[in-house]
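Keep it brief and give the cut-offs.

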Amino acid sequence: MTTLTKLRQSQFVGAVVLALLASAIWQISSGLSFVIPSPAATAEAFVQNFADPRYLRDVGETAQAVAQAFIIGILLGGAIGLLLGLSAAARTWLEPLLIAFNGVPKIVLYPVLLPVFSLSGSKIVMGVLFALFPVLINVAVGVRGIPPVYWKLGRTVQAGKWQLFVHILLPAIRLPLLTGVRLAISLAVVGVVLAEFFATRFGLGRVVLQAYSHGEYAQMVSTILLLILAAFTVSVLLWRLERRVR
Amino acid sequence: MEGIHLNDVHVQFDHPSGITIAVDGVTQQVPPRSFVSIVGPSGCGKSTLLAVIAGLQPATSGSVDINGRRVTGPDRDIGVVFQEDSTLPWRNVRENVEFAMQMAGVSKGERAAKAAAAIELVGLKGFENSYPATLSGGMRQRVALARTLALQPGVVLMDEPFAALDQQTRIFLGAEVRRIWEQTHQTVLFVTHDISEAILLSQQIWVMSYRPGHVIDVIDIDLPDERDASIVSSPRFNELHNRVWTSLQKESMRGFQDVETA
Ligand SMILES: Nc1ncnc2c1ncn2[C@@H]1O[C@H](COP(=O)(O)OP(=O)(O)O)[C@@H](O)[C@H]1O
Ligand SMILES: [Mg+2]
(Lines give C-alpha, C1' and ligand atoms only; values in the text may rest on other atoms or scores of the structure.)
(Ligands and ions follow the chains in the order given, each with its own letter.)
Protein backbone atom coordinates (compact mmCIF):
# COMPACT_ATOMS: atom_id res chain seq x y z
CA MET A 1 0.00 0.00 0.00
CA THR A 2 2.71 2.45 1.01
CA THR A 3 4.81 1.72 -2.07
CA LEU A 4 1.72 2.40 -4.18
CA THR A 5 1.17 5.78 -2.50
CA LYS A 6 4.84 6.54 -2.92
CA LEU A 7 4.66 5.68 -6.59
CA ARG A 8 1.61 7.88 -7.00
CA GLN A 9 3.33 10.72 -5.17
CA SER A 10 6.45 10.37 -7.29
CA GLN A 11 4.27 10.32 -10.41
CA PHE A 12 2.66 13.53 -9.24
CA VAL A 13 6.03 15.12 -8.42
CA GLY A 14 7.32 14.05 -11.83
CA ALA A 15 4.35 15.65 -13.58
CA VAL A 16 4.85 18.94 -11.69
CA VAL A 17 8.57 19.02 -12.47
CA LEU A 18 7.84 18.34 -16.12
CA ALA A 19 5.20 21.07 -16.27
CA LEU A 20 7.58 23.62 -14.68
CA LEU A 21 10.32 22.65 -17.09
CA ALA A 22 8.00 22.98 -20.08
CA SER A 23 6.80 26.42 -18.88
CA ALA A 24 10.40 27.59 -18.48
CA ILE A 25 11.28 26.50 -22.03
CA TRP A 26 8.06 28.09 -23.25
CA GLN A 27 8.89 31.37 -21.47
CA ILE A 28 12.39 31.46 -22.93
CA SER A 29 11.33 30.64 -26.47
CA SER A 30 8.49 33.20 -26.35
CA GLY A 31 11.20 35.84 -25.83
CA LEU A 32 12.96 34.65 -28.99
CA SER A 33 10.03 34.81 -31.42
CA PHE A 34 6.96 37.03 -31.55
CA VAL A 35 4.77 34.17 -32.95
CA ILE A 36 5.15 32.34 -29.65
CA PRO A 37 2.99 34.01 -26.98
CA SER A 38 4.29 34.09 -23.43
CA PRO A 39 2.72 31.77 -20.86
CA ALA A 40 1.28 34.77 -19.03
CA ALA A 41 -0.37 36.20 -22.16
CA THR A 42 -1.76 32.77 -22.99
CA ALA A 43 -3.16 32.32 -19.50
CA GLU A 44 -4.78 35.73 -19.71
CA ALA A 45 -6.39 34.90 -23.06
CA PHE A 46 -7.48 31.56 -21.60
CA VAL A 47 -9.33 33.24 -18.72
CA GLN A 48 -10.77 36.10 -20.77
CA ASN A 49 -12.18 33.71 -23.36
CA PHE A 50 -14.59 32.36 -20.81
CA ALA A 51 -16.14 35.79 -20.35
CA ASP A 52 -16.92 35.99 -24.07
CA PRO A 53 -20.37 34.56 -24.92
CA ARG A 54 -19.32 33.99 -28.54
CA TYR A 55 -16.39 31.89 -27.38
CA LEU A 56 -18.64 29.95 -25.01
CA ARG A 57 -20.93 29.25 -27.93
CA ASP A 58 -17.94 27.87 -29.85
CA VAL A 59 -16.98 25.71 -26.88
CA GLY A 60 -20.55 24.41 -26.61
CA GLU A 61 -20.74 23.71 -30.33
CA THR A 62 -17.54 21.69 -30.34
CA ALA A 63 -18.35 19.89 -27.08
CA GLN A 64 -21.75 18.88 -28.41
CA ALA A 65 -20.35 17.61 -31.70
CA VAL A 66 -17.64 15.66 -29.85
CA ALA A 67 -20.19 14.14 -27.47
CA GLN A 68 -22.42 13.07 -30.36
CA ALA A 69 -19.49 11.73 -32.38
CA PHE A 70 -18.24 9.85 -29.32
CA ILE A 71 -21.59 8.21 -28.54
CA ILE A 72 -22.38 7.31 -32.15
CA GLY A 73 -18.77 6.15 -32.60
CA ILE A 74 -18.80 3.74 -29.66
CA LEU A 75 -22.26 2.40 -30.52
CA LEU A 76 -21.38 1.87 -34.18
CA GLY A 77 -17.86 0.63 -33.44
CA GLY A 78 -19.21 -1.65 -30.71
CA ALA A 79 -21.86 -3.11 -33.03
CA ILE A 80 -19.45 -3.75 -35.92
CA GLY A 81 -16.85 -5.08 -33.47
CA LEU A 82 -19.41 -7.51 -32.02
CA LEU A 83 -20.35 -8.69 -35.49
CA LEU A 84 -16.68 -9.24 -36.40
CA GLY A 85 -15.94 -10.95 -33.10
CA LEU A 86 -18.90 -13.30 -33.20
CA SER A 87 -19.28 -14.16 -36.89
CA ALA A 88 -16.62 -15.84 -38.98
CA ALA A 89 -18.57 -14.91 -42.11
CA ALA A 90 -18.56 -11.22 -41.16
CA ARG A 91 -14.81 -11.45 -40.60
CA THR A 92 -14.24 -12.91 -44.05
CA TRP A 93 -16.34 -10.27 -45.79
CA LEU A 94 -15.80 -7.13 -43.74
CA GLU A 95 -12.29 -7.37 -42.35
CA PRO A 96 -10.28 -6.55 -45.53
CA LEU A 97 -12.66 -3.70 -46.29
CA LEU A 98 -12.34 -2.25 -42.79
CA ILE A 99 -8.56 -2.58 -42.72
CA ALA A 100 -8.35 -0.77 -46.05
CA PHE A 101 -10.79 1.91 -44.90
CA ASN A 102 -8.93 2.44 -41.63
CA GLY A 103 -5.79 3.08 -43.69
CA VAL A 104 -7.45 5.93 -45.63
CA PRO A 105 -6.64 9.39 -44.22
CA LYS A 106 -10.22 10.14 -43.23
CA ILE A 107 -9.99 13.87 -43.67
CA VAL A 108 -9.86 13.49 -47.48
CA LEU A 109 -13.48 12.34 -47.22
CA TYR A 110 -14.57 15.65 -45.70
CA PRO A 111 -15.41 17.42 -48.97
CA VAL A 112 -17.57 14.42 -49.89
CA LEU A 113 -19.37 14.53 -46.55
CA LEU A 114 -20.16 18.25 -46.69
CA PRO A 115 -22.93 18.23 -49.31
CA VAL A 116 -24.48 15.13 -47.73
CA PHE A 117 -24.39 16.01 -44.03
CA SER A 118 -24.11 19.83 -44.18
CA LEU A 119 -21.66 21.85 -42.12
CA SER A 120 -22.91 20.88 -38.66
CA GLY A 121 -23.44 17.20 -39.51
CA SER A 122 -20.19 16.61 -41.35
CA LYS A 123 -17.92 17.32 -38.40
CA ILE A 124 -19.89 14.83 -36.31
CA VAL A 125 -19.47 12.23 -39.04
CA MET A 126 -15.75 13.02 -39.14
CA GLY A 127 -15.56 12.57 -35.36
CA VAL A 128 -17.42 9.27 -35.69
CA LEU A 129 -15.00 8.05 -38.37
CA PHE A 130 -12.10 8.78 -36.03
CA ALA A 131 -13.71 7.36 -32.87
CA LEU A 132 -15.05 4.22 -34.55
CA PHE A 133 -11.95 2.15 -35.12
CA PRO A 134 -10.36 1.85 -31.69
CA VAL A 135 -13.69 0.64 -30.27
CA LEU A 136 -14.32 -1.64 -33.22
CA ILE A 137 -10.90 -3.27 -33.09
CA ASN A 138 -10.80 -3.64 -29.31
CA VAL A 139 -14.29 -5.12 -29.15
CA ALA A 140 -13.65 -7.53 -32.04
CA VAL A 141 -10.36 -8.75 -30.55
CA GLY A 142 -11.87 -8.88 -27.05
CA VAL A 143 -14.84 -10.96 -28.16
CA ARG A 144 -12.63 -13.38 -30.09
CA GLY A 145 -10.49 -13.78 -26.99
CA ILE A 146 -13.35 -14.96 -24.76
CA PRO A 147 -12.51 -18.50 -23.63
CA PRO A 148 -14.84 -20.99 -25.41
CA VAL A 149 -15.61 -22.62 -22.06
CA TYR A 150 -17.59 -19.49 -21.04
CA TRP A 151 -19.94 -20.07 -23.98
CA LYS A 152 -20.20 -23.77 -23.13
CA LEU A 153 -21.06 -22.79 -19.56
CA GLY A 154 -23.66 -20.33 -20.83
CA ARG A 155 -25.26 -23.01 -22.95
CA THR A 156 -25.36 -25.63 -20.19
CA VAL A 157 -27.13 -23.23 -17.83
CA GLN A 158 -29.46 -22.27 -20.70
CA ALA A 159 -28.67 -18.58 -20.56
CA GLY A 160 -30.64 -16.50 -23.08
CA LYS A 161 -29.02 -14.26 -25.71
CA TRP A 162 -29.45 -11.16 -23.57
CA GLN A 163 -28.13 -12.95 -20.47
CA LEU A 164 -25.07 -14.08 -22.45
CA PHE A 165 -24.51 -10.50 -23.57
CA VAL A 166 -24.87 -8.92 -20.14
CA HIS A 167 -23.36 -11.62 -17.92
CA ILE A 168 -20.65 -13.14 -20.13
CA LEU A 169 -19.75 -11.00 -23.12
CA LEU A 170 -19.71 -7.49 -21.66
CA PRO A 171 -17.83 -8.34 -18.46
CA ALA A 172 -15.42 -10.58 -20.38
CA ILE A 173 -14.38 -7.73 -22.71
CA ARG A 174 -14.54 -4.96 -20.09
CA LEU A 175 -10.82 -4.13 -20.29
CA PRO A 176 -10.38 -3.87 -24.09
CA LEU A 177 -13.76 -2.13 -24.26
CA LEU A 178 -12.62 0.55 -21.80
CA THR A 179 -9.37 0.99 -23.71
CA GLY A 180 -11.35 1.46 -26.92
CA VAL A 181 -13.65 3.99 -25.26
CA ARG A 182 -10.72 5.92 -23.85
CA LEU A 183 -9.09 6.17 -27.27
CA ALA A 184 -12.43 7.01 -28.89
CA ILE A 185 -12.92 10.16 -26.81
CA SER A 186 -9.54 11.62 -27.81
CA LEU A 187 -10.05 10.68 -31.45
CA ALA A 188 -13.56 12.16 -31.49
CA VAL A 189 -12.00 15.48 -30.44
CA VAL A 190 -9.37 15.13 -33.18
CA GLY A 191 -11.98 14.34 -35.86
CA VAL A 192 -14.34 17.18 -34.93
CA VAL A 193 -11.67 19.87 -34.51
CA LEU A 194 -9.90 18.78 -37.69
CA ALA A 195 -13.19 19.15 -39.56
CA GLU A 196 -13.67 22.58 -38.00
CA PHE A 197 -10.30 23.68 -39.31
CA PHE A 198 -11.56 23.18 -42.84
CA ALA A 199 -15.10 24.45 -42.87
CA THR A 200 -17.57 25.36 -40.19
CA ARG A 201 -19.48 28.33 -38.80
CA PHE A 202 -18.87 27.74 -35.10
CA GLY A 203 -16.49 25.69 -33.03
CA LEU A 204 -13.04 25.77 -31.47
CA GLY A 205 -11.33 24.61 -34.64
CA ARG A 206 -12.60 27.76 -36.35
CA VAL A 207 -11.47 29.89 -33.38
CA VAL A 208 -7.95 28.48 -33.67
CA LEU A 209 -7.78 29.05 -37.39
CA GLN A 210 -9.23 32.55 -37.18
CA ALA A 211 -6.85 33.52 -34.37
CA TYR A 212 -4.01 32.26 -36.54
CA SER A 213 -5.03 34.29 -39.57
CA HIS A 214 -5.44 37.43 -37.41
CA GLY A 215 -2.10 36.89 -35.75
CA GLU A 216 -3.67 36.49 -32.30
CA TYR A 217 -1.26 33.80 -31.16
CA ALA A 218 -2.16 33.94 -27.45
CA GLN A 219 -5.78 33.27 -28.35
CA MET A 220 -4.74 30.43 -30.67
CA VAL A 221 -2.48 28.70 -28.17
CA SER A 222 -4.94 29.09 -25.27
CA THR A 223 -7.67 27.40 -27.31
CA ILE A 224 -5.38 24.58 -28.34
CA LEU A 225 -4.46 24.20 -24.66
CA LEU A 226 -8.13 24.00 -23.75
CA LEU A 227 -8.65 21.19 -26.28
CA ILE A 228 -5.61 19.29 -25.02
CA LEU A 229 -6.67 19.74 -21.40
CA ALA A 230 -10.20 18.50 -22.04
CA ALA A 231 -9.11 15.38 -23.96
CA PHE A 232 -6.36 14.73 -21.44
CA THR A 233 -8.65 14.98 -18.40
CA VAL A 234 -11.21 12.58 -19.82
CA SER A 235 -8.47 10.14 -20.88
CA VAL A 236 -6.87 10.19 -17.45
CA LEU A 237 -10.23 9.61 -15.74
CA LEU A 238 -10.98 6.66 -18.02
CA TRP A 239 -7.48 5.35 -17.63
CA ARG A 240 -7.87 5.37 -13.85
CA LEU A 241 -11.20 3.59 -14.19
CA GLU A 242 -9.48 1.06 -16.43
CA ARG A 243 -6.89 0.34 -13.78
CA ARG A 244 -9.52 0.00 -11.06
CA VAL A 245 -11.57 -2.51 -13.07
CA ARG A 246 -9.89 -5.89 -12.96
CA MET B 1 -36.21 -45.61 -17.66
CA GLU B 2 -34.31 -44.04 -14.78
CA GLY B 3 -30.65 -43.16 -15.24
CA ILE B 4 -28.76 -42.44 -18.45
CA HIS B 5 -29.44 -44.63 -21.49
CA LEU B 6 -27.17 -44.44 -24.53
CA ASN B 7 -28.66 -46.07 -27.60
CA ASP B 8 -26.14 -46.72 -30.38
CA VAL B 9 -24.68 -43.21 -30.23
CA HIS B 10 -22.55 -42.19 -33.22
CA VAL B 11 -20.82 -38.85 -33.67
CA GLN B 12 -18.76 -37.89 -36.68
CA PHE B 13 -17.15 -34.61 -37.63
CA ASP B 14 -16.92 -33.63 -41.27
CA HIS B 15 -14.06 -31.43 -42.24
CA PRO B 16 -12.39 -30.55 -45.55
CA SER B 17 -9.76 -33.28 -45.24
CA GLY B 18 -12.27 -36.01 -44.42
CA ILE B 19 -14.38 -37.44 -41.63
CA THR B 20 -13.43 -38.04 -38.00
CA ILE B 21 -15.49 -40.69 -36.26
CA ALA B 22 -15.34 -39.57 -32.64
CA VAL B 23 -17.96 -41.90 -31.13
CA ASP B 24 -18.81 -45.12 -32.91
CA GLY B 25 -21.89 -46.86 -31.65
CA VAL B 26 -21.95 -46.64 -27.86
CA THR B 27 -24.81 -48.47 -26.16
CA GLN B 28 -24.50 -48.28 -22.37
CA GLN B 29 -26.48 -47.44 -19.27
CA VAL B 30 -25.67 -45.50 -16.15
CA PRO B 31 -27.98 -46.82 -13.43
CA PRO B 32 -29.76 -44.10 -11.43
CA ARG B 33 -27.81 -42.67 -8.47
CA SER B 34 -24.66 -44.54 -9.46
CA PHE B 35 -21.13 -43.34 -10.13
CA VAL B 36 -19.66 -44.40 -13.47
CA SER B 37 -16.30 -43.35 -14.91
CA ILE B 38 -15.07 -43.38 -18.48
CA VAL B 39 -11.35 -43.94 -19.00
CA GLY B 40 -9.58 -43.91 -22.32
CA PRO B 41 -6.64 -42.41 -24.18
CA SER B 42 -6.90 -38.79 -25.21
CA GLY B 43 -8.69 -38.22 -28.49
CA CYS B 44 -10.83 -41.36 -28.11
CA GLY B 45 -14.10 -39.43 -27.95
CA LYS B 46 -14.75 -39.11 -24.21
CA SER B 47 -15.48 -35.39 -24.29
CA THR B 48 -17.61 -35.76 -27.39
CA LEU B 49 -19.69 -38.49 -25.76
CA LEU B 50 -20.13 -36.36 -22.65
CA ALA B 51 -21.10 -33.34 -24.77
CA VAL B 52 -23.79 -35.43 -26.46
CA ILE B 53 -25.18 -36.50 -23.08
CA ALA B 54 -25.08 -32.86 -21.90
CA GLY B 55 -27.07 -31.83 -24.97
CA LEU B 56 -24.25 -29.59 -26.17
CA GLN B 57 -23.46 -31.67 -29.26
CA PRO B 58 -26.02 -33.49 -31.39
CA ALA B 59 -25.38 -37.17 -32.12
CA THR B 60 -24.99 -38.02 -35.79
CA SER B 61 -27.20 -41.01 -35.10
CA GLY B 62 -28.52 -42.83 -32.06
CA SER B 63 -30.04 -41.22 -28.99
CA VAL B 64 -29.64 -40.47 -25.32
CA ASP B 65 -32.43 -40.74 -22.73
CA ILE B 66 -32.06 -39.36 -19.23
CA ASN B 67 -34.63 -40.34 -16.63
CA GLY B 68 -37.03 -41.25 -19.43
CA ARG B 69 -36.59 -38.05 -21.40
CA ARG B 70 -34.89 -37.82 -24.80
CA VAL B 71 -31.94 -35.38 -24.76
CA THR B 72 -32.44 -32.68 -27.39
CA GLY B 73 -30.45 -29.85 -25.84
CA PRO B 74 -29.03 -28.59 -22.55
CA ASP B 75 -31.18 -29.22 -19.49
CA ARG B 76 -30.83 -27.64 -16.05
CA ASP B 77 -31.30 -31.05 -14.45
CA ILE B 78 -27.99 -32.06 -16.07
CA GLY B 79 -25.02 -30.32 -14.48
CA VAL B 80 -21.65 -30.18 -16.21
CA VAL B 81 -18.18 -29.57 -14.78
CA PHE B 82 -15.58 -28.77 -17.43
CA GLN B 83 -11.89 -29.53 -17.58
CA GLU B 84 -11.02 -25.93 -18.41
CA ASP B 85 -11.16 -23.26 -15.74
CA SER B 86 -14.72 -21.98 -16.11
CA THR B 87 -14.85 -19.62 -13.16
CA LEU B 88 -15.74 -16.09 -14.22
CA PRO B 89 -12.90 -13.78 -13.09
CA TRP B 90 -15.16 -10.76 -12.60
CA ARG B 91 -17.34 -12.58 -10.06
CA ASN B 92 -16.29 -13.57 -6.56
CA VAL B 93 -16.80 -17.11 -5.29
CA ARG B 94 -20.37 -16.52 -4.10
CA GLU B 95 -21.35 -14.77 -7.32
CA ASN B 96 -19.75 -17.53 -9.38
CA VAL B 97 -21.64 -20.20 -7.47
CA GLU B 98 -24.86 -18.24 -7.92
CA PHE B 99 -24.31 -17.85 -11.68
CA ALA B 100 -26.26 -20.89 -12.86
CA MET B 101 -29.12 -20.15 -10.45
CA GLN B 102 -29.18 -16.51 -11.52
CA MET B 103 -29.51 -17.53 -15.18
CA ALA B 104 -32.33 -19.86 -14.15
CA GLY B 105 -34.18 -16.99 -12.49
CA VAL B 106 -33.91 -18.33 -8.93
CA SER B 107 -34.84 -15.64 -6.40
CA LYS B 108 -32.09 -13.78 -4.55
CA GLY B 109 -32.83 -15.26 -1.15
CA GLU B 110 -32.97 -18.84 -2.38
CA ARG B 111 -29.80 -18.27 -4.39
CA ALA B 112 -27.91 -17.04 -1.35
CA ALA B 113 -29.04 -19.99 0.78
CA LYS B 114 -28.25 -22.62 -1.84
CA ALA B 115 -24.92 -21.00 -2.71
CA ALA B 116 -23.92 -20.99 0.95
CA ALA B 117 -24.78 -24.68 1.25
CA ALA B 118 -22.89 -25.60 -1.94
CA ILE B 119 -19.86 -23.55 -0.88
CA GLU B 120 -19.82 -25.36 2.44
CA LEU B 121 -20.22 -28.74 0.70
CA VAL B 122 -17.09 -28.23 -1.43
CA GLY B 123 -15.12 -26.84 1.50
CA LEU B 124 -14.81 -23.21 0.39
CA LYS B 125 -16.42 -21.64 3.44
CA GLY B 126 -14.59 -18.41 4.26
CA PHE B 127 -13.69 -17.74 0.62
CA GLU B 128 -17.11 -16.39 -0.45
CA ASN B 129 -15.74 -12.94 -1.26
CA SER B 130 -12.51 -14.05 -2.91
CA TYR B 131 -11.99 -13.60 -6.63
CA PRO B 132 -10.79 -16.52 -8.80
CA ALA B 133 -7.48 -14.77 -9.53
CA THR B 134 -6.57 -15.16 -5.85
CA LEU B 135 -7.46 -18.88 -5.73
CA SER B 136 -5.43 -21.95 -6.69
CA GLY B 137 -6.47 -24.12 -9.65
CA GLY B 138 -7.90 -26.73 -7.30
CA MET B 139 -10.00 -24.16 -5.47
CA ARG B 140 -11.32 -22.80 -8.75
CA GLN B 141 -12.44 -26.27 -9.74
CA ARG B 142 -14.21 -26.48 -6.37
CA VAL B 143 -16.01 -23.26 -7.27
CA ALA B 144 -17.08 -24.77 -10.61
CA LEU B 145 -18.22 -27.91 -8.77
CA ALA B 146 -20.21 -25.85 -6.25
CA ARG B 147 -21.83 -23.90 -9.08
CA THR B 148 -23.00 -27.17 -10.65
CA LEU B 149 -24.12 -28.74 -7.38
CA ALA B 150 -26.00 -25.62 -6.23
CA LEU B 151 -28.69 -26.22 -8.85
CA GLN B 152 -29.09 -29.73 -7.39
CA PRO B 153 -29.17 -31.48 -10.77
CA GLY B 154 -30.21 -35.12 -10.90
CA VAL B 155 -27.31 -35.91 -13.21
CA VAL B 156 -23.75 -34.59 -12.97
CA LEU B 157 -21.32 -34.93 -15.88
CA MET B 158 -17.65 -34.24 -15.23
CA ASP B 159 -15.09 -34.03 -18.02
CA GLU B 160 -11.62 -34.54 -16.54
CA PRO B 161 -12.35 -31.84 -13.96
CA PHE B 162 -9.04 -32.29 -12.17
CA ALA B 163 -6.76 -33.15 -15.10
CA ALA B 164 -4.96 -29.82 -14.97
CA LEU B 165 -4.15 -30.17 -11.27
CA ASP B 166 -1.16 -31.75 -9.55
CA GLN B 167 -1.37 -35.38 -8.39
CA GLN B 168 -1.94 -34.61 -4.69
CA THR B 169 -4.68 -32.06 -5.28
CA ARG B 170 -6.29 -34.46 -7.74
CA ILE B 171 -6.43 -37.32 -5.24
CA PHE B 172 -7.71 -35.00 -2.55
CA LEU B 173 -10.44 -33.51 -4.72
CA GLY B 174 -11.37 -36.98 -6.01
CA ALA B 175 -11.99 -38.07 -2.42
CA GLU B 176 -14.12 -34.95 -1.92
CA VAL B 177 -16.20 -35.75 -4.99
CA ARG B 178 -16.75 -39.27 -3.69
CA ARG B 179 -17.74 -37.92 -0.25
CA ILE B 180 -20.17 -35.43 -1.80
CA TRP B 181 -21.67 -38.15 -3.99
CA GLU B 182 -22.22 -40.33 -0.92
CA GLN B 183 -24.30 -37.46 0.50
CA THR B 184 -26.23 -36.47 -2.61
CA HIS B 185 -26.38 -39.73 -4.60
CA GLN B 186 -26.75 -37.96 -7.88
CA THR B 187 -26.21 -39.94 -11.07
CA VAL B 188 -22.59 -39.19 -11.97
CA LEU B 189 -20.66 -39.82 -15.18
CA PHE B 190 -17.01 -38.93 -14.67
CA VAL B 191 -14.42 -38.78 -17.44
CA THR B 192 -10.75 -39.25 -16.60
CA HIS B 193 -7.55 -40.65 -18.04
CA ASP B 194 -6.31 -41.57 -14.56
CA ILE B 195 -7.03 -45.24 -13.81
CA SER B 196 -6.51 -44.97 -10.04
CA GLU B 197 -8.84 -42.00 -9.86
CA ALA B 198 -11.49 -43.92 -11.80
CA ILE B 199 -11.22 -46.98 -9.52
CA LEU B 200 -11.23 -44.92 -6.33
CA LEU B 201 -14.34 -43.01 -7.30
CA SER B 202 -16.54 -45.34 -9.26
CA GLN B 203 -18.91 -48.24 -9.05
CA GLN B 204 -18.35 -49.02 -12.71
CA ILE B 205 -15.73 -48.11 -15.30
CA TRP B 206 -16.16 -47.97 -19.06
CA VAL B 207 -12.95 -48.34 -21.01
CA MET B 208 -13.02 -46.51 -24.32
CA SER B 209 -10.87 -47.46 -27.27
CA TYR B 210 -8.77 -45.30 -29.49
CA ARG B 211 -10.46 -44.24 -32.72
CA PRO B 212 -13.07 -45.11 -33.76
CA GLY B 213 -14.39 -44.51 -30.24
CA HIS B 214 -16.43 -47.18 -28.61
CA VAL B 215 -16.62 -48.82 -25.20
CA ILE B 216 -14.45 -51.95 -25.27
CA ASP B 217 -14.72 -53.01 -21.64
CA VAL B 218 -17.11 -52.48 -18.73
CA ILE B 219 -15.65 -53.22 -15.31
CA ASP B 220 -17.68 -53.30 -12.10
CA ILE B 221 -15.71 -51.96 -9.17
CA ASP B 222 -16.58 -54.29 -6.30
CA LEU B 223 -14.68 -52.35 -3.67
CA PRO B 224 -16.50 -51.45 -0.45
CA ASP B 225 -18.60 -48.27 -0.55
CA GLU B 226 -16.66 -46.88 2.38
CA ARG B 227 -13.25 -46.34 0.86
CA ASP B 228 -10.39 -43.91 1.16
CA ALA B 229 -7.03 -43.44 -0.49
CA SER B 230 -5.53 -46.31 1.58
CA ILE B 231 -7.45 -48.79 -0.57
CA VAL B 232 -4.90 -48.35 -3.36
CA SER B 233 -2.64 -50.81 -1.54
CA SER B 234 -5.27 -53.57 -1.39
CA PRO B 235 -4.87 -56.63 -3.65
CA ARG B 236 -8.35 -56.14 -5.18
CA PHE B 237 -7.48 -52.57 -6.18
CA ASN B 238 -4.38 -53.89 -7.91
CA GLU B 239 -6.33 -56.57 -9.77
CA LEU B 240 -8.81 -53.97 -11.00
CA HIS B 241 -6.01 -51.61 -11.91
CA ASN B 242 -4.32 -54.35 -13.94
CA ARG B 243 -7.56 -55.21 -15.69
CA VAL B 244 -8.19 -51.61 -16.75
CA TRP B 245 -4.53 -51.13 -17.61
CA THR B 246 -4.46 -54.20 -19.86
CA SER B 247 -7.53 -53.04 -21.77
CA LEU B 248 -6.17 -49.55 -22.11
CA GLN B 249 -2.63 -50.54 -22.98
CA LYS B 250 -3.66 -52.50 -26.05
CA GLU B 251 -5.62 -49.48 -27.17
CA SER B 252 -3.07 -46.77 -26.49
CA MET B 253 -0.44 -48.84 -28.29
CA ARG B 254 -2.71 -48.82 -31.31
CA GLY B 255 -3.19 -45.08 -30.96
CA PHE B 256 0.53 -44.57 -30.64
CA GLN B 257 1.16 -46.60 -33.79
CA ASP B 258 -1.48 -44.56 -35.63
CA VAL B 259 0.32 -41.37 -34.70
CA GLU B 260 3.71 -42.85 -35.60
CA THR B 261 2.58 -43.92 -39.07
CA ALA B 262 0.51 -40.79 -39.72
N1 LIG C 1 -15.68 -29.91 -32.99
C2 LIG C 1 -14.90 -30.86 -33.55
N3 LIG C 1 -14.63 -30.82 -34.88
C4 LIG C 1 -13.85 -31.76 -35.45
N5 LIG C 1 -13.29 -32.78 -34.80
C6 LIG C 1 -13.50 -32.86 -33.47
C7 LIG C 1 -14.32 -31.91 -32.77
N8 LIG C 1 -14.35 -32.25 -31.46
C9 LIG C 1 -13.60 -33.36 -31.35
N10 LIG C 1 -13.10 -33.75 -32.55
C11 LIG C 1 -12.27 -34.93 -32.80
O12 LIG C 1 -12.95 -36.05 -32.27
C13 LIG C 1 -12.03 -36.92 -31.64
C14 LIG C 1 -12.45 -37.14 -30.20
O15 LIG C 1 -12.23 -35.94 -29.46
P16 LIG C 1 -12.60 -35.81 -27.91
O17 LIG C 1 -14.00 -36.24 -27.71
O18 LIG C 1 -12.26 -34.43 -27.50
O19 LIG C 1 -11.59 -36.84 -27.24
P20 LIG C 1 -11.17 -37.00 -25.70
O21 LIG C 1 -12.04 -36.15 -24.85
O22 LIG C 1 -11.31 -38.46 -25.40
O23 LIG C 1 -9.72 -36.61 -25.61
C24 LIG C 1 -10.65 -36.31 -31.78
O25 LIG C 1 -10.01 -36.92 -32.87
C26 LIG C 1 -10.94 -34.86 -32.05
O27 LIG C 1 -9.93 -34.32 -32.86
MG1 LIG D 1 -11.49 -34.54 -23.52
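## Charges over rings

The charged end of R57(A) lies over the ring of F202(A), 3.8 Å from the ring centre. A charge counts as over a ring if NZ of Lys or CZ of Arg is within 6 Å of the ring centre and within 35 degrees of the ring normal. R243(A) does likewise with W239(A), its charged end 4.7 Å from the ring centre.

This is a predicted model: local features need pLDDT of at least 70 and side-chain atom pairs pLDDT 80 or more, while totals for chains, interfaces and linings use all residues. Residues are numbered from 1 along each chain as written, chains are lettered from A and ligands numbered from 1 in written order, and side-chain values use heavy atoms, without hydrogens and water.

## Aromatic pairs

How many aromatic pairs does a search of the whole structure find? Eight, over all chains. Rings of Phe, Tyr and Trp (its six-membered ring) pair if their centres lie within 6.5 Å; planes under 30 degrees apart are stacked, over 60 edge-to-face, and the rest tilted. Two tilted pairs are tabulated here.

| Pair | Centre to centre | Angle between planes |
|---|---|---|
| F46(A) and F50(A) | 5.8 Å | 55° |
| F101(A) and F133(A) | 5.9 Å | 50° |

The second pair joins helix α4 (residues 88-103) of chain A, which holds F101(A), to helix α5 (residues 110-144) of chain A, which holds F133(A), so it ties together parts that are 32 residues apart in sequence. Helices (H or I, at least four residues) and strands (E, at least two) are DSSP runs, numbered from the N terminus.

Buried means under 20% relative accessible area, exposed over 50%, and partly exposed in between (1.4 Å probe, protein chains only). F133(A) is buried at 5%. F101(A) is partly exposed at 29%. F46(A) is partly exposed at 24%, and F50(A) is partly exposed at 36%. In chain B, one aromatic cluster is formed by F35(B), F162(B), W181(B) and F190(B).

Chain A has ten helices and zero strands. Its C-alpha trace spans about 70 × 60 × 30 Å along the principal axes. Of its 246 residues, 38% are buried. Among contacts (heavy atoms within 4.5 Å) with a separation of 6 or more in chain A, 71% link residues 24 or more positions apart.

On a 1 Å grid over the protein atoms alone, a cavity is a set of points where a 1.4 Å probe fits but cannot get out; a pocket is an open set with protein on both sides within 12 Å along at least five of seven lines; lining residues have an atom within 4 Å of a point. Points are joined across faces, edges and corners, and a volume is the space filled by probe spheres set on them.

The search finds four cavities of 30 Å³ or more. The largest cavity holds about 110 Å³. Of its 13 lining residues, the closest to its centre are V157(A), G79(B), V80(B), T148(B) and L151(B). β6(B) gives the most to this lining, with three residues.

The second largest pocket has a volume of about 250 Å³. α5(B) gives the most to its lining, with eight residues.
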